[in-house]
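Visitor: I am new to this structure. Please pick one part and take me through it closely.

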Amino acid sequence: MVVSAAIAAAFALSACAPAGSNAAADYGNAAEPASENVAATPGATADPSATGAPDPDATAPPAAANAAPKLSEEEATEKLSGSKVARMGKVVVNEKGFVLYRFDKDGNKPAKTNCVGDCAEVWPPALTNDGKPTLKGVSSDLVGTVTRADGSKQLTLKGWPLYTYVGDTKPGSWKGQNVNGTWFVIQPDGAKNLTCLPKISKPVAPPADDSAGDSAGDSSDAGGTGSDYSY
């Protein structure tokens, strides 16, 4: 009976893992985790809806100096579509077909992003110029933006900031599901998709950086001591 239960559990996990992945080794573990979670202090932005007569002697608000440059078509997320993928079901994808995620350590009331530094390299935020992506199968009432510390605008769904995952190498992949127990595929209504919940895995490392190559190698030998890989 014990052997039969183990076989059944193994089968269930493989059926739940993304197509083409090795449920035991490939799911969300294509690389060693990054050596350090770089924290940043979120910046404050001015409230454009503030009331009162303007002060003629006032200087420009600090946020104006930190305004992010206009994004190119390649950098901006220009479309959000409700879709379905095998084994997972309802998801939201961008214009390239990549699945979008939400992060439990962010906030949605109000919208707040806590994924910065290395985290944003592993989980690229869905950035926008005007906060008005083309929508298909996603209600416009649920779509908004949040201003990041660098002044860029990130799309939100029901208040949750949206991200892709560098571990997803092809459209429709969802290897970011349940990474660190805090990252989840987001549904068109903004809720977590828990249809398939593989065991918790570590995030992949940030994209290679020549200047940081040696230090990243040293940290992997240390077995992760001193880093909580919180993203």
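Guide: Strands here are DSSP runs of at least two residues, numbered from the N terminus. Keep in mind that the model is predicted. Let us take strand β9, residues 153–157. Four of its five residues are buried, so β9 is mostly covered, with buried meaning under 20% relative accessible area.

Now for its partners. Strand β8 covers residues 143–147. It pairs with β9 in the antiparallel sense, over five bridges. Within this pairing, Val143 stands opposite Leu157 of β9. The two strands form a hairpin, with five residues between them. Gly151 sits in that turn and has a positive phi of about 95°.

Next comes strand β10, residues 160–161. Two bridges join β10 to β9, and the two run antiparallel. Here Thr156 faces Pro161 of β10. β9 and β10 also form a hairpin, with two residues between them. Lys158 lies in the turn, with a positive phi of about 55°.

Strand β6, residues 127–128, is another partner. Again the strands run antiparallel, joined by two bridges. Leu127 stands opposite Gln154 in β9.

Follow the chain from β6 into the loop between β6 and β7, where β7 is 134–136. Asp130 is found in this loop. Asp130 has a relative accessible area of 51%, and exposed means over 50%, so Asp130 counts as exposed. It also belongs to a negative surface patch.

Conventions: Residues are numbered from 1 along each chain as its sequence is written. This is a predicted model: local features need pLDDT of at least 70, side-chain atom pairs count only at pLDDT 80 or more; totals for chains, interfaces and linings use all residues. Side-chain values use heavy atoms; hydrogens and water are left out. Buried means under 20% relative accessible area, exposed over 50%, partly exposed in between (1.4 Å probe, protein chains only). Two strands pair if DSSP finds at least two bridges between them. Patches are made of residues with over 30% relative accessible area and no salt bridge: like charges are joined within 9 Å, nonpolar side chains (Val, Leu, Ile, Met, Phe, Trp, Tyr) within 5 Å. Accessible areas come from the Shrake-Rupley method with a 1.4 Å probe; for residues, only the protein chains shown count as cover. A salt bridge is a side-chain nitrogen of Lys or Arg within 4 Å of a carboxyl oxygen of Asp or Glu. Lys and Arg count as positive and Asp and Glu as negative; His and the chain ends are not counted. The place of a charge is taken as NZ of Lys, CZ of Arg, CG of Asp or CD of Glu.
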